[in-house]
Amino acid sequence: MNQIEFMQLVNPFKDKLFRVAKRLLVSTEEAEDATQEVLVKLWNRNESLDQYNSVEALAMTMTKNFCLDQLKSKRASNMKIVHTNFTDREASVQQKVEDRDTWNWVEKIMNDLPEQQKLIVQMRDIEEMEFEEISTILEMNEQAIRTALSRARKTIREKMVKTHHYGIG
């Protein structure tokens with residue numbers, strides 16, 4: 001496989017790799033480094049990539065593992081999960097402030113979730129991935145993913161209700 005073929009293969013999902021890395025590592029620079037590292041590893045395997053059913057799933061798994069390794073390293077003590085892509089373009093200023101406040105609460109709650117639940121919420125609710133694809137990447141069965149997602153959502157919902165003293169949805 002030459003460089004052009006490789007770029008055509010990875011271009012459709014390289015931004016998704018970055019978003020997952022950013023979700024896990026917070027820092028844009030760290031996420032860029034992680035994405036680049038995964039792409040280099042894929043390039044080094046470029047002759048054997050046709051053996052895989054889904055190169056995207058392979059890349060997502062590699063990204064997840066690389067980021068988790070980074071989080072486990074010594075410099076991970078200052079890292080946390082943050083999502084900053086939340087904007088409402090047509091909302092009033094008051095609505096934007098309320099949305100930002102709500103999202104900040106969700107981020108704080110997500111920071112307290114177990115690592116696996118954070119990943120599942122990121123992949124399913126933010127990246128909008130299918131359960132089958134998440135199952136392949138995380139090497140879990142789909143029912144376990146559904147259960148973990150349900151528990152994570154329930155935890156987020158309960159803590160939001162407790163924080164704001166009113167129901168959501």
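Does Trp43 count as buried, partly exposed or exposed?

*Solution.* Start with the cut-offs: buried means under 20% relative accessible area, exposed means over 50%, and partly exposed is in between (1.4 Å probe, protein chains only). Trp43 has 34% relative accessibility, so Trp43 counts as partly exposed.

A quick word on what you're looking at: this is a predicted model, where local features need pLDDT of at least 70, side-chain atom pairs count only at pLDDT 80 or more, and totals for chains, interfaces and linings use all residues. Residues are numbered from 1 along each chain as its sequence is written, and side-chain values use heavy atoms, with hydrogens and water left out.

**Exercise 1.** Work out how many helices and strands the protein has.

*Solution.* Helices (H or I, at least four residues) and strands (E, at least two) are DSSP runs, numbered from the N terminus. Going through the chain gives 8 helices and 0 strands. Written along the sequence, that is the pattern α-α-α-α-α-α-α-α. As for burial, 41% of the 169 residues count as buried.

**Exercise 2.** Find the aromatic pair and say what kind it is.

*Solution.* First, the rule: rings of Phe, Tyr and Trp (its six-membered ring) pair if their centres lie within 6.5 Å; planes under 30 degrees apart count as stacked, over 60 as edge-to-face and the rest as tilted. Next, searching the whole structure turns up 1 aromatic pair. The ring centres of Phe6 and Trp43 are 5.1 Å apart and the planes sit at 75 degrees, so this pair is edge-to-face. The pair links distant parts of the chain, with Phe6 in helix H1 (residues 3-10) and Trp43 in helix H3, 37 residues apart. Finally, check the cover on Phe6: its relative accessible area is 5%, so Phe6 is buried.

**Exercise 3.** Track down the salt bridge between Glu56 and Lys16, and say which helices it links.

*Solution.* A salt bridge is a side-chain nitrogen of Lys or Arg within 4 Å of a carboxyl oxygen of Asp or Glu. By this rule the count is 7 salt bridges. In one of them, the side chains of Glu56 and Lys16 meet at 2.9 Å, N to O. This pair links distant parts of the chain: Glu56 belongs to helix H4 (residues 55-72) and Lys16 to helix H2 (residues 14-25), 40 residues apart. Lys16 is buried, at 17% relative accessible area.
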